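Subject: Structure for you to look at, with notes

Dear colleague,

Please find below the structure I promised to hand over, followed by notes on what was found in it. I would be glad if you read them with the model open beside you.

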Amino acid sequence: MTLTPTPSTGHRPIVLIAEELSPATVEALGPDFEIRHCNGADRAELLAAVVDVEALLVRSATVVDAEVLEAAKRLEVVARAGVGLDNVDVRAATQNGVMVVNAPTANITSAAELAVALMLAAARHVSPAHAALTRGEWRRSSFSGTELFEKTLGIVGLGRIGVLVAHRLAAFGMEVIAYDPFVQAGRAAQMGVRMVTLEELMGESDFISVHLPKTPETIGLIGAEQFALARPGLILVNAARGGIVEEKALHDALKTGRIAGAGLDVFAQEPCTDSPLLELENVVATPHLGASTAEAQEKAGLAVARSVRLALSGELVPDAVNVQGGVIAENVRPGIPLTEKLGRIFTALAGEVAQQIDVEVRGEITEYDVKVLELAALKGVFADVIEDQVSYVNAPLLAAERGTEVRLVIEPESPDHRNLITLRGTLADGSRVSVSGTLIGISQKERLVEVNDFVVDLEPTEHLAFFTYEDRLGMVGTVGKILGDAGVNIAGMQVSRAEKGGQALVALSVDSAIPAEILDEIHDAIAADLVRGVDLAL
């Protein structure tokens, strides 16, 4: 792929590298760009340097916020040579029309290997034994460890990194069990992994390794209640995200001998140098080194270099996490963000990954290539259920890994809407889930028009909720009162039913996320068959 300079000026796109990247990254960019360098950690230097650049390459030390994006008048793409995007304001970038890309798979091997290293180090007391030896103390009897052979490994989150850890530790002769509500038992069995509940995992495991994304649902997932179920000899490793394991509860469990040890690479607040956990001899800790290998950094640099070349040549960028570039028909492009939202709503309604999903596209846009809408649907389906960043490249692979069959269905006829996009799937128990959306008016506003065969007309705002129940008097008022008492304002509401006295659906858009305990209260108050909250703001 060769970039053509602007004919009138001969201008080559300017790429600013704000942190040290591997030499292979610059080589991968090639001669089509003007390469500049700056110290991204120096705020004044960064703001001055971004004024006339088209692309900005960073790692984790450079903060790309609204101020930087405002200063970079010609910026088209921000590339993070790594997975996390904590230092990039994706929302501000999207508002400024700036694409954000990262390297979602560059560090998975390095992260998996570090988890194994922490587990071995904790099992054999490597850190305190080393510290004692450097103090001149030969304390062999103080550091008797435990073998991994024939022990039970519990993996919390069987995503791509979790699978790599499972494969590696199975080679140690460990029995592997896992908790992940979004992985089908049949698919796990093919990998030699037995799926269990979180409670079962806590009670059966000798070692636990955490590999979940950090979401409102996973924060504090493992706390005092879970540690109370654990075996006394348990060793827990968290090399995923800080906050998933409640640190005070972990400290108490370690301090009292409720569990035997921990290996930690992540903390709720980082940088972290003063946690009480660091004072314990049965903790081995590292400063978020999961991606800190030469191989991971080179893979990340090469990946973002490819993405930058694609972005600045106007082609589809598979690893884009917000706006998408590419040779996509203008009539199709507005449907991409809508389809991603439909995918996220679909998964929230399902509560699990479907065995089979149809992505149905109907109407005038079927005159164009709509394959990207299938990818967008899968990107949304998996966005909230795995620890890895989901992209157009890995979404089909994620579906295949989880045993989900996907089919793109194209139908030119659309009786009720100019264009209609529907996700329809079958779950493990044979039940069906569906959600449909369309774009209306000159401004192409997004609308939900169907949920599980109930007709609705609702804007898919940042915070949504869905309730199904037996139709009877007073239920809508009950829902409204509970939300009002909880301080949750309803922005829009749709009530739909198949027939009088039959199943009914309430679909809501609200101004703030509904807390889990409020959803539970609504569930009990209206005897709901289904209660689901969806947070599209994440």
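Predicted model: local features only at pLDDT ≥ 70, side-chain atom pairs only at ≥ 80, totals over all residues.

Residues are numbered from 1 along each chain as its sequence is written, and side-chain values use heavy atoms, with hydrogens and water left out.

Helices (H or I, at least four residues) and strands (E, at least two) are DSSP runs, numbered from the N terminus, and two strands are said to pair if DSSP finds at least two bridges between them. On this basis strand β10 (residues 235-238) is joined to β11 by 4 bridges and runs parallel to it, with N238 standing opposite L264. From β10 the chain passes through helix α11 (residues 247-255) to β11 in a right-handed β-α-β crossover; right-handed means that, with the strands pointing away from the viewer, the path from the first strand over the helix to the second runs clockwise. β11 is also joined to β12 by 3 bridges, again in parallel, and here A262 stands opposite V283. G263, which lies in β11, counts as buried because its relative accessibility is 0%.

The loop between β11 (261-264) and β12 (283-285) holds P271, and the peptide bond from E270 to P271 is cis, with omega near 0°.

**Other parallel strands**

Strand β1 (residues 14-17) pairs with strand β2 (residues 34-37) in the parallel sense over 4 bridges, and the bridge partner of I17 in β2 is H37. Between these strands the chain crosses through helix α1 (residues 23-29), and this β-α-β crossover is right-handed.

β6 and strand β7 (residues 175-179) pair in parallel over 5 bridges, V156 standing opposite Y179 in β7, and together with helix α7 (residues 160-170) these strands make a right-handed β-α-β unit. β7 is in turn joined by 2 bridges to strand β8 (residues 194-195), with which it runs parallel, and I177 stands opposite R194 in β8. The chain goes from β7 through helix α8 (residues 185-190) to β8, in a β-α-β crossover that is right-handed.

**Two loop residues with positive phi**

E150, in the loop between α6 (126-134) and β6 (152-156), has a positive phi of about 65° although it is not a glycine, and at 61% relative accessibility E150 counts as exposed. Q444, in the loop between β16 (432-440) and β17 (445-451), likewise is not a glycine but has a positive phi, of about 55°; with a relative accessible area of 31%, Q444 is partly exposed.

**Helix α14**

Helix α14 (residues 371-383) is largely enclosed by the rest of the structure, because 11 of its 13 residues are buried; among them are V372, E374, K379 and F382. At 1.5 Å a residue, its 13 residues should span 18 Å, which agrees with the 19 Å between its end C-alpha atoms, the expected span being 1.5 Å times one less than the number of residues. T339, which lies in helix α13, is 36 residues from L375 in sequence and 9.0 Å from it in space, C-alpha to C-alpha, and T339 is buried, with a relative accessible area of 0%.

**The second largest pocket**

The second largest pocket has a volume of about 1200 Å³. Of the 35 residues that line this pocket, F182, T215, P216, E217 and G533 are the closest to its centre. A pocket here is an open set of points on a 1 Å grid over the protein atoms alone, where a 1.4 Å probe fits and with protein on both sides within 12 Å along at least five of seven lines, and lining residues have an atom within 4 Å of a point; grid points are joined across faces, edges and corners, and a volume is the space filled by probe spheres set on the points. β22 gives the most to the lining of the second largest pocket, with 5 residues. By class, that lining has 20 nonpolar, 8 polar and 7 charged residues, where Ala, Val, Leu, Ile, Met, Phe, Trp, Tyr, Cys and Pro count as nonpolar, Asp, Glu, Lys and Arg as charged, and the others, Gly among them, as polar.

With best wishes

Methods: Buried < 20%, exposed > 50% of the residue type's maximum accessible area, 1.4 Å probe, protein only.
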